[in-house]
Every structure is written in structure tokens, then in C-alpha cells.
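I opened the notebook to record a few look-ups in this structure.

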Amino acid sequence: MGSRTTAWDRLGDYLHQTKITGSIASTLYWDQNTRMPSGGASWRGEQLALLAIQLHSRQSSRDYADLIQEARVEWSQSGLSTTEKAACGRNLDLLEQDLGRQQALDPALVAALATAKADGYNTWQQARANSDFGVFAPSLRTMIGLRQEQARQLAEPRSCWETLAQPFEPDLTLKRLLELFAPLRQRLPELLQQAGRQPRQRELSWDLPEPAQQQLCDTLLTSWGRDASMTCVARSPHPFSITLGPNDYRITTRVVPGQPLSCFLATAHEWGHSLYEQGLPDQKHQWFAWPLGQATSMAVHESQSLFWENRVARSQPFAQQWWPDFEAAGAPLSSADDLWRAMNPLAPGLNRVEADELSYGLHIMIRTDLEIALLEQGLSVEELPAEWNRRYGELLGVTPSNDAEGCLQDVHWSEGLFGYFPSYLLGHLISAQLSEAMAAAIGCPEEHVRRGDVAPLLDWLREHVHPVGRAMNAEQLVQAVSGRALTSEPFLRYLEDKLDRVLAASQVGGT
């Protein structure tokens, strides 16, 4: 909006400085998850608490509020085009919304949450390593209390769980979530039962050495266009993707003994996240300092990672192309179909991250129901392991033999990320509906994979999905791209088709 002395530019500079502070905290988080020794947890908690206080101060200060107000006045009097004015107005609306939320929070609570997250992550690691929920229980109890207090301080016209879900899924209501999940609650167990009529192995009877798995992952990322000058891959207990700054994109993966495809598929998944981050709008003032340069929602984020993991890496044409690489790495596979069936076990297991597409949704619904029960319905922390195991037995027909296989398998609750889990399943629904829209526009994604050229897939996503940012919420994006409201139907169609094909291949090739 003109010269460098405008309110808009001063606001942009302020946001940029805030983003730098946030990226320092993210860098410490990256280190905590990848290389930091466990003995550093307490000090790291103090570091993150200090940064959290500084961030909260910047994001709730009177000076910041005045800057936004000045920019609002300037915007109202500007001669911008209709499109530019709408974008600037949306940025201001979102900044004002976020400002109001920050101003509602007590700085002492912000610091307590940062400390509790660092402590929670450390005790979760210890508890998981020893399969001892009792070690983690006090940290979880503390975190639940702090998040409940956060919801009280925010005082939004939503339930506690809905309030905590807003940063992940803007505008999501529990009513709408239950509407979207209802057909899945009914149909997924039926599909699992159908899959069970053809006995299938959940665990593979072979493995690959770590160096071989790492080489396969490196080859995959190279073939998908990785630029090593601005991306980094490391190991962590739980795979994740994070952006630390302009041209600094990080992902992690892990090698799971006895699961030779886990590292490969996790790498595909996390790279999908990173591709989305790399495709977000490049704002005038700097790397997503403005809301419109940030991810639409975590469900949209997940839709992108799930697209590359499931629509591409788990597809039949992909298996046909990659079978020689896996065979050369030492995998005892006699055909591309062997690899494809191994990529798609379609049999219930205990672990969410390793779950197939058919049972994955049930893992998410169990977690969603349990965190709502913990936050709003009086489920005690002590009851969590037994309740987790009971629901797994009822919905998936499998029961954890210890806490590490059960309620300690995910990192999310250790950091108080309540309201995050539904994004994974919503991401499946969004991915399916966007994939149908993509197929109508440029042809079936699998055909592009068959030709060995995934560039058109990324180009389409770069044009229709990645640049949206926070200009709209997830459901509005799906409506705009696909022409209809989000529904579970495309996802269920996709699952039913895959199940039919996998079962047919199993009958031909055996298990």
C-alpha cells in the first residue's frame, strides 16, 4: 500500500519480527524431537516458556492492537482493486480474531502451557519406552487442566473441545464433525468385516536393513523433486513436518523393526505436508507473516500428505514402478502385486500411524471420542488405558497388550493438542473429494503415476489448493474446488473400490 511509512508496512514488519521469534521456538522444538538428550528437557522447557511469554506479549500488546487498527483505517480509505481490498480485509479480520484470543489469555497460563508441553513430551517418551502409563498420567492430568482453563479464559460460544479445536480447524463445530463422521462409523466396520473374509497378514514376515530403507526414502524424495538446499530429513520418535523459515523445510521419519514399509510411507506422508508448506502464498512482507500465507487448516494439510502417501505411493502403478527398487534393496517380493498388497494390508492393527486406509478412520474416531470424554464428560486419566483398550476391542477387534501399543502411541496429548486428531480423518475426506475434482480436470492421478510423471498432480494442487491459505476455511475450499459441500461419499467410494481390487489381487496372487 504505497511507501514504507504506511501503517500496512509497519504492521507487516511487526508480523515479520513476531514470526522470527516463533521460528526460534520451532527450531528448539525440532531439536527437542530429533537430537536433544532427554536430560535437556527441563532447560528446554524454560527456554520455550520464555519464548512463549515473549510471543504472547507481542501478539497481545497495545502497540500491536494499535497497528492493526491503523492499518484497518488505512485499508478502508485505500484505492485498492476489489480483489486486493478483499484479501487485505481478510488478513485484517484474521489478525483481529487472533489478537482477541491472545488478549484473553493470562500470560501465566501461556508460560505454564509451554512448560507443561516440554515436560509432557519428556515424560511421554519415558512412559512409552517403558510401556508405563503411570509415568505419564500426572503430566496428562496437568495438561488437561491447563487446556480447560484456556478454554474458560477464551470464553468463546463453543464447548471446551470445540474451542481448543479452532486453531486446527477454523469454524468447526462438534455437530458438523459428527455429521461427517456418522456414515464412517456405520460403513467402516462393515468394510473391515468384508475384508476379514479373506484372511490377510497385518504384519510382514520380512524386513529391510536401515541403510536400505534410508536409500529408498532418499530416492523417493529425489524423484519427487526434493531440493536438498532447503529441505532436511531426520529421525524422531513420531514422524512430523515443520517449517522453520523461508527455504527451511524439515521432515522426520522413523524406522520400525519388522515394518519395512513404515519409513518409506511415513516419508511420503511427511513430504506431502512439506510440499504444501512450500506451495503456500508468498506474501509481500515475508514468509507467512500474514494469515493468508498460512495453511488453510490442519485437515487441508493432512489432505495433502494423504494424497501423496495413499493416492500415489500406495497405488498399483507406483508399485509397478518401484518393485525393482525394493527387490534390489533385499525385499523378498516376486512381483509388483506383492509390493502393492504389502503396501495395502487392509487389516486392522493397533497402531494409527501404521494403519491402512480402511481402519484408519476408526483409530481417529476412538481418539476423538476419548479426548472429548477427558475434557468434557468426566473421564478420568486413570480410566484412559482401559477405556482405550475396550474401544479398540469393540471397533477394530484388536486389543493392546501394553500401554505403548495403546494409549501411549501418539505424541499429541503430551503437548495438549486436543482437537487435532479429527483433522486426520477430515483430511481423508478432503483428499478424496479433491482427488475426484483433480481426476475430472486432468485425468485420474493413477494414470499420471503410471506414466511416471507426477508433476501435473503437483501443478494442479499448486493452482487450486496450496495458494488459498487462510482466505477461506477447509469446507469453503472444498466447495470452491469440487463444486459441492464436503461429504464422506468420495472417500467411501475410494475405499470400496480399493478393497475390491485388493481382495481380487489376493485371490489371484495369494497372501
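Is Leu67 buried or exposed? I looked up the accessible area. Leu67 is buried, because its relative accessible area is 11%, under the 20% cut-off. I note here that the model is a predicted one.

**Entry 1: around Leu67**

I placed Leu67 in helix α3, which covers residues 62-76. Next I listed its contacts, setting aside neighbours within four places in sequence. Leu67 is in contact with Ala7, Arg10, Leu11 and Tyr14. I also checked a C-alpha pair. Leu67 and Asp9 are 58 residues apart along the chain, and their C-alpha atoms are separated by 9.9 Å.

**Entry 2: α1 with α4**

I then turned to helix α1 (residues 7-34) and helix α4 (residues 82-104). They pack at an angle of about 50°, and their axes are 13 Å apart. That angle makes α1 oblique to α4. I read the crossing of the two as left-handed.

Which residues meet here? From α1 I found Trp8, Leu11 and Leu15. From α4 I found Cys88, Asn91, Leu92 and Leu95. By class, the residues of this contact are six nonpolar, one polar and no charged.

**Entry 3: α8 with α14**

Helix α8 spans residues 174-196 and helix α14 spans residues 357-376. I have their packing angle as about 135° and their axes as 9 Å apart. The pair is therefore oblique. The crossing of α8 and α14 is left-handed.

I wrote down the residues of the contact. α8 gives Leu174, Leu177, Phe181, Leu184, Arg185, Leu188, Pro189, Leu191, Leu192 and Ala195. α14 gives Leu358, Ser359, Gly361, Leu362, Met365, Thr368, Asp369 and Ile372. The contact of α8 with α14 divides into 13 nonpolar, three polar and two charged residues.

**Entry 4: α12 with α13**

How do α12 and α13 lie to each other, roughly parallel or roughly perpendicular? I took helix α12 as residues 316-328 and helix α13 as residues 336-343. Their axes come within 8 Å and cross at roughly 110°. The two helices are therefore roughly perpendicular to each other, since angles of 65 to 115 degrees count as such. α12 passes α13 in a right-handed crossing.

In α12 I listed Gln316, Phe318, Ala319, Gln320, Trp322, Trp323 and Phe326. They meet Ala336, Asp337, Leu339, Trp340 and Met343 in α13. I sorted this contact of α12 with α13 into nine nonpolar, two polar and one charged residues.

**Entry 5: nonpolar cores**

I went on to the cores. In soluble globular proteins, nonpolar side chains tend to be buried together. How many residues are in the largest nonpolar core? I have 127. Trp224, Trp308, Phe318 and Phe326 touch the most other members. α14 supplies the largest share of this core, with 11 residues.

A second, separate core has 17 residues. Ala7, Trp8, Tyr14 and Leu95 are among them.

I followed up on Trp308, not counting residues up to four places away in sequence. Trp308 touches Trp224, Ala268, Gly272, Leu275, Ala313, Val454, Leu457, Leu458 and Leu461.

**Entry 6: positive phi**

I looked for positive phi values outside glycine. Ala155 has a positive phi of about 50°, although it is not a glycine. I found Ala155 in the loop between α6 (133-154) and α7 (160-165). Ala155 is exposed, because its relative accessible area is 59%, over the 50% cut-off.

Where does Asn247 lie? I located Asn247 in the loop between β2 (241-245) and β3 (248-253). Its phi is near 60°, a positive value in a residue other than glycine.

**Entry 7: Ala485**

Not counting residues up to four places away in sequence, Ala485 touches Gln433 and Gln479. I checked one of these by C-alpha atoms. Ala485 and Gln433 are 52 residues apart along the chain, and their C-alpha atoms are separated by 9.5 Å.

Definitions and conventions. Residues are numbered from 1 along each chain as its sequence is written. This is a predicted model: local features need pLDDT of at least 70, side-chain atom pairs count only at pLDDT 80 or more; totals for chains, interfaces and linings use all residues. Side-chain values use heavy atoms; hydrogens and water are left out. Axes are lines fitted to C-alpha atoms, for helices over the stretch in contact, and angles run from 0 to 180 degrees between N-to-C directions. Helices (H or I, at least four residues) and strands (E, at least two) are DSSP runs, numbered from the N terminus. Angles under 35 degrees count as roughly parallel, over 145 as roughly antiparallel, 65 to 115 as roughly perpendicular and the rest as oblique. A crossing is left-handed if the near helix is turned anticlockwise from the far one by less than a right angle, and right-handed if clockwise. Contact means heavy atoms within 4.5 Å. Ala, Val, Leu, Ile, Met, Phe, Trp, Tyr, Cys and Pro count as nonpolar, Asp, Glu, Lys and Arg as charged, and the others, Gly among them, as polar. A nonpolar core is a set of buried Ala, Val, Leu, Ile, Met, Phe, Trp, Tyr and Cys residues joined through side-chain atoms within 4.5 Å. Buried means under 20% relative accessible area, exposed over 50%, partly exposed in between (1.4 Å probe, protein chains only).
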